[in-house]
Amino acid sequence: MKAFAYARPGSIAEALELAGDGDDTQTAYLAGGTNLVDHLRLGIARPDTLIDLSRLDFGGVEETADGGLRIGANVRNADLAADPALRRRFPFVSEALLAGASGQLRSMASTGGNLLQRTRCVYFQDRSTPCNKREPGSGCSALDGYGTYNALIGASEHCVAVHPSDLCVPLAALDAIVHVTGPGGERAIPFDQFHRLPGDAPERDTTLEASEIITAVEILALPWASRSRYRKVRDRASYAFALVSVAAAVDVADGVVTDVRLALGGVSHKPHRARAAEDALRGQPATPAAFEAAIDAELEAARPGKDNAFKVGQLRRTTVAVLTELTQTEGDRP
Amino acid sequence: MTATRDAQGRSSESPVLPLHAAPDPQRSAGPREPSVGTDRRRVDAPLKVTGTAPYAYEHPTTNPCHVWPVLSTIARGTIIGVDASRAAAVPGVIRVLTHADAPRLRVKADAGLWILQGPEVHHRGQIIGGVIADTPEAAREAAELLVFTYDEAPSKVELDPDGPDVTTAKVVLMRPGSETKGDPEQGWGEGVHRVDATYEHTAQYHAQMEPHAVIATWHEVSPLDVRATRLTLQDSNQGPLPHRLLLAPLLGLLPHQLDVSSPYVGGAFGGKAFPHPHLVLASLAAKIVSPRPVKLALTRQQMFSVVGHRAASSQHVRLAADAEGRLTMVEHVSTQAASRVKNSVDHSCMSTRMMYATPNRHTEHRVLELDVPPSTWMRAPGDFTGMFALETALDELAHTAGIDPVDLRVRNEPDVDPENGKPWSTRALVACLQRGAERFGWDERQAPGQRRDGEWQIGLGMASAVFPNMHMVTFAAKILFTGGRYVVQLQASDIGTGAHTVLAQIAADALGVDPDLVVTDIGRTGTPMAMVAGGSSGTYEWGNSVVAACEAFRRKHGLHPAEGASATGRSGPPKGSNKYSRNAFGAHFAEVAVSSVTDEVRVRRLLGVYAAGTIINPRTARSQVMGGMIMALSGALLEESYRDPRFGHIANGDLASYHVAAHADVPPIDVEFLPEHDPWFGAKGSKGIGEIGMVGTPAALGNAVFNATGKRLRSLPFTPSALAEA
């Protein structure tokens, strides 16, 4: 692995100064390191300088006045998953965190870093094979290769990688806001605009500008998300990336879906907010048939390859099961 | 422990007692209950759970350097250029090694170890270079910067069982690779019920908790006396014998010039039975930087091409039976991928020859040589694969014939070994099947697709298990009395099985002392030669030698030996044992749940019932067969490799993408050993238990999936993707 300098700035300003123009061949920010350190070893990340942000105080988990939450970027995944307010208001965020990685990794991984996880596409992680994300213009090996974990939705001819995060799936459903600070000051990025589709620039995972630092993730109030569910499907019962996953919250009144949030994981270059399904379901009866029609509307956009076609049915059935479970329990309430 | 060494680098004869030896001199010799057959805690457990047992990479060394292997990135071709300029310029780099300048090897004792001797590339992931540096980081970075250019040749890496280049193996496990009894086609014609199916799996990979690692030190005493040269390997292996047989001549050394120590091993499973090419690289590097020690630890990714694997295979089985379910014909043809470098064939059809009675049988081992790395032993090689096929086919036959799967097996129980007509030394398969059925609640089994628990479809399945005797040669052991303790010395190895613990029990009974007065000095050269920990034979095979040595010791020194007294005993298989067919038997029962929503398969419970002779230590034995069942569960449900034909590599070659079972995958596991004593394996009446847990378990799980869903899965692993497409 390439030798690098290590810097531990005492403030955001100092970190930004160290990062300079933010060329990521020269500097990389380090938080939990659970993804970056692997990449240093594998030669995927080859920075000259690591700028360690892990000791900067970005705040903990704070309840906002309107009933939302503000989560400091350095809050560890394990701490966030255990946060009582999060578990009460947005249980599927906690479920998603606990469905990811292992206890050891969750104790290291940060909230901000979780958003910046890079794809687990096996060709991206192997420097001996072409990959447009790792080496723009070299080609996509996954298109005609090992395709079980390829994207179903929103892929391009240049990249079929999926975003691996569990946490980001419910955050997409919740329209979370990513707060960042960069050389140009602070800004807030709506979650849907934070990650991007590969298009012809798959080397860019997000819309972060050079040197920008994630300082917090904010979840806006959504009272009915206190009834929400994250379900992850995988070969191995734990410690595996999702084949597919479903994050859902439903608001039902008199048997009719008044509002719904639905996001899918393991299907796209970004956590996939299922807006077509949401639109199709709003105002419909809370029945399995309506759920199925809704997810089918979403899955019209699916473009399966040779190895991942089974996921279309898997997503349909899992989504229907999750929505049914959420609404049935609602109906059972006195 | 490592043999001590004098200034000339000579290994001393005095033992270095294992760290875990905790003698209690207050305990006296005298009349006592036998230790064999009773629970005894692992003597090395405290060291292991506290992280203080030294594994290969952890031995203290002074001023070591590090070598990083460079692996080929094509599957076949010739190296036509090497640019080492950037690699050599990395600070801390001592030497870049390639075929152009590596020291020459001498005797090609093993083609898989013949590295860095020429520009030819035989498979993807071949060691084609190495970088020696002061730190592992510098070595790795330089390895990344070492540029090879190739003249690439067309390669073939995929198993096509019907392809034109498939050949029949002449000899497998010292028996004919192909054999026919009776008239199989006539038997097929006589069948009222028939099965004709093909069972497959991709290559499976070793994932020992301790990756392969070594510290190599080359002691060149004098250029005038090459015979005084010694090479020390602090390694992780299953015993030093293959190292001395294969590595020493390769490196131009006599066997005794190679010292090997491997006191603690973090899992081996056959993957550490033979030396792999990284040991050659480390040894060559050690020769270059002598006398500095050289450290090498493989990454998980490198293990997918350097240390062998279970070869991909396709098993074609045809079964025919009369109206009562008696087999009129059995045919089993195994076609296995092999490496052009070194062709090793798993004995996948051997169990089929002896499991069930039939007048007509054909079994055949076929191989297809490919541009892939050599395969090696992987726990229950052959039996794992072949019994998945045979025992699944029997379940299919039972379903077709409307006969209970347990009953079908009982109806085909043979009186003598169908392959060779020999009587059984002991065979309690039927007892295992019936006891298992009773203990598991087999009578609760319903027709396929009938039981549900919410979205989960529930099913039960079973399969037979077998593992043969592998004891062939006579070896020795030595007992040394020192410091009030009896030291058992032989080149055995505790690969996590409990050998330290049970060999002490065996010796204690033979000597008539408390087991705490016995310590084991194994896992190194400098002690009597013994077979590797392999073929599930260690405990009975080593145990025989140990008993012989203990008896020799008492004959020679009586009950009150002097300090330093010693005696050596030799033993092989019991005289006359060749007249018997000798095998351990068992039965596996499984309950699975398959989600009708996600197609996920989760195992709810597993049972193994075994007739495996005397159980030396029920505690470690139970742990060992449970480990076998868990490893088989992992192989059956999760382990799928994808070899990319464009690049020749395992694309999902790391443990994030190649899944091995996690704790959450493992259900409650129940184990029962039936009382049995078999005098034809060895002195204690025991049989082998290291691998039998692997055998048949995948079929039991697949048969349970069929019972749950009505879907027959004929390829491992049983993933949601496989279920969805079935």
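Arg231(A) touches Ser245(A), Val246(A), Thr318(A) and Val322(A), leaving out residues up to four places away in sequence; touching, or contact, means that the C-beta atoms, placed from the backbone, lie within 7 Å. Arg231(A) sits in strand β9 of chain A. Helices here are DSSP runs of H or I with at least four residues, strands are DSSP runs of E with at least two, and both are numbered from the N terminus. With 22 other C-beta atoms within 10 Å, Arg231(A) is buried. Buried means 20 or more other C-beta atoms within 10 Å of a residue's own, exposed means 12 or fewer, and partly exposed is in between, with C-beta atoms placed from the backbone. Arg231(A) and Ala109(A) are 122 residues apart in sequence, and their C-alpha atoms are 21 Å apart in space.

A word on the model. It is predicted: local features need pLDDT of at least 70, side-chain atom pairs count only at pLDDT 80 or more, and totals for chains, interfaces and linings use all residues. Residues are numbered from 1 along each chain as its sequence is written, while chains are lettered from A and ligands numbered from 1 in the order in which they are written.

Staying with chain A, which residues of helix α5(A) are buried? They are Phe92(A), Val93(A), Ser94(A), Glu95(A), Ala96(A) and Leu97(A). That is six of the eight residues of this helix, residues 91–98, so α5(A) is largely enclosed by the rest of the structure. The cover over those buried residues includes α3 (77–81), α4 (84–89), α6 (103–108), α8 (168–173), β9 (228–233) and β10 (244–253) of chain A.

Chain A is divided into domain 1 (5–52) and domain 2 (227–332), with bounds that come from an automatic or database domain assignment. The C-alpha centres of these two domains of chain A lie 37 Å apart.

Now the interface. On chain B, 29 residues are in contact with 25 residues of chain A. Helices α3 (136–145) and α16 (720–725) of chain B are the elements that give two or more residues to the chain B side. That side divides into ten nonpolar, seven polar and twelve charged residues. For this count, Ala, Val, Leu, Ile, Met, Phe, Trp, Tyr, Cys and Pro are nonpolar, Asp, Glu, Lys and Arg are charged, and the others, Gly among them, are polar.

Next, the strands of chain B. Two strands pair if DSSP finds at least two bridges between them. In strand β5(B), residues 127–133, seven of the seven residues are buried, so the strand is largely enclosed by the rest of the structure. Strand β1(B), residues 65–71, pairs with β5(B) in the antiparallel sense over six bridges, and Leu71(B) has Ile127(B) as its bridge partner. Strand β3(B), residues 93–98, is also antiparallel to β5(B), over five bridges; there Arg95(B) stands opposite Ile132(B).

Val131(B) brings us to the core. Val131(B), Ala142(B) and Ala507(B) touch the most other members of the largest nonpolar core, which has 318 residues. A nonpolar core is a set of buried Ala, Val, Leu, Ile, Met, Phe, Trp, Tyr and Cys residues joined through C-beta atoms within 7 Å. Beyond its neighbours within four places in sequence, the contacts of Val131(B) include Val67(B), Trp68(B), Ala142(B) and Leu146(B).

How many of its residues are buried? The count is 13 of the 13, so β19(B) is largely enclosed by the rest of the structure. Strand β18(B), residues 313–321, pairs with β19(B) in the antiparallel sense over nine bridges, with Leu327(B) as the bridge partner of Ala321(B). Their hairpin has five residues between the strands, and Gly325(B) takes a positive phi near 90°. Strand β20(B), residues 361–370, runs parallel to β19(B), and ten bridges join them. From β19(B) the chain crosses through helix α8(B), residues 350–355, to β20(B) in a right-handed β-α-β crossover. Right-handed means that, with the strands pointing away from the viewer, the path from the first strand over the helix to the second runs clockwise.

Last, Ser623(B) in helix α14(B), residues 618–637. Ser623(B) is partly exposed, with 16 other C-beta atoms within 10 Å.

Conventions:
Contact = placed C-beta atoms within 7 Å.
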